[in-house]
Amino acid sequence: MKKSIYHPKRYAILIILLFISGMLIGKFTQRFRFSEYRWIYQFGSLLNILVTTGSLLWSLIHPLMIWSENKKDWKKHLLWMIIGMVPFLYLVTALNF
């Protein structure tokens with residue numbers, strides 16, 4: 001029996017935490033936008049884009065990774081597939097309203 005390298009529970013939670021932290025970084029660096037510490041805003045803005053975009057892409061790849069490792073019993077990880085896709089579902093919902 002092959003040992004699984006990709007742990008769906010761990011990575012689903014990590015995807016959500018990365019997405020939330022990216023959004024919080026963007027929110028908290030806004031106060032430095034028009035100050036003498038503008039470099040904090042610029043760095044935080046770049047970090048916000050990288051972390052949020054990375055977690056969005058990972059949330060799209062997450063179900064594919066689960067399915068590729070567990071082709072026969074992927075249904076028992078369905079909940080973690082959906083939880084891992086929360087950032088993508090949030091983006092799709094936010095763009096529709």
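## Salt bridge

Asp73 is partly exposed, at 34% relative accessibility; here buried means under 20% relative accessible area, exposed over 50% and partly exposed in between, with a 1.4 Å probe and protein chains only. The side chain of Asp73 meets that of Lys76 in a salt bridge, with 3.4 Å from N to O. The term stands for a side-chain nitrogen of Lys or Arg within 4 Å of a carboxyl oxygen of Asp or Glu. Lys76 counts as exposed, at 60% relative accessibility. The structure holds 1 salt bridge. Side chains of opposite charge can pair when their charged atoms come close.

## Model and confidence

This is a predicted model, in which local features need pLDDT of at least 70 and side-chain atom pairs count only at pLDDT 80 or more, while totals for chains, interfaces and linings use all residues. Residues are numbered from 1 along each chain as its sequence is written, and side-chain values use heavy atoms, with hydrogens and water left out.

The chain has a mean pLDDT of 92 (the predictor's confidence in each residue, from 0 to 100). Of its residues, 98% reach 70 or more. Among the elements of the chain, the highest mean pLDDT belongs to H1, at 96, and the lowest to H4, at 93.

## Aromatic pairs

The structure holds 3 aromatic pairs. In one of them, Tyr6 and Tyr11 are stacked, with 4.7 Å from centre to centre and 25 degrees between the planes. Rings of Phe, Tyr and Trp (its six-membered ring) pair if their centres lie within 6.5 Å; planes under 30 degrees apart count as stacked, over 60 as edge-to-face and the rest as tilted. Tyr6 is buried, with a relative accessible area of 8%, whereas Tyr11 is partly exposed at 25%. Tyr6 and Tyr11 also form one aromatic cluster with Trp58.

Phe19 and Tyr90 make up an edge-to-face pair, at 5.7 Å from centre to centre and 70 degrees between the planes. Phe19 lies in helix H1 (residues 8-28) and Tyr90 in helix H4 (residues 86-96), so the pair ties together parts that are 71 residues apart in sequence. Helices (H or I, at least four residues) and strands (E, at least two) are DSSP runs, numbered from the N terminus. The relative accessible area is 8% for Phe19, which is buried, and 45% for Tyr90, which is partly exposed.

## Helix H2

Helix H2 covers residues 38-69 and includes Ile61. Ile61 is partly exposed, with a relative accessible area of 44%. Together with Leu57, Leu60 and Met65, Ile61 forms a nonpolar patch on the surface, with about 340 Å² of accessible area in total. Patches are made of residues with over 30% relative accessible area and no salt bridge, where like charges are joined within 9 Å and nonpolar side chains (Val, Leu, Ile, Met, Phe, Trp, Tyr) within 5 Å. The areas come from the Shrake-Rupley method with a 1.4 Å probe; for residues, only the protein chains shown count as cover.

Thr52 is another residue of H2, and Thr52 is buried, at a relative accessible area of 15%. Leaving out residues up to four places away in sequence, Thr52 touches Phe19, Gly22 and Met23; contact means heavy atoms within 4.5 Å. Leu46 is also found in H2 and is partly exposed, at 48% relative accessibility. From Leu46 to Phe19 the separation is 27 residues in sequence and 14 Å in space, C-alpha to C-alpha. Ser45 and Gln30 are 15 residues apart in sequence, and their C-alpha atoms are 8.4 Å apart in space.

## The loop and helix H3

His77 is placed in the loop between H2 and helix H3 (78-84). The residue is buried, with a relative accessible area of 15%. Apart from neighbours within four places in sequence, His77 is in contact with Pro8, Ile66 and Asn70.

Leu79 belongs to helix H3. In contrast to the buried His77, Leu79 is exposed, with a relative accessible area of 54%. Leu79 and Leu91 are 12 residues apart in sequence, with 19 Å between them in space, C-alpha to C-alpha.
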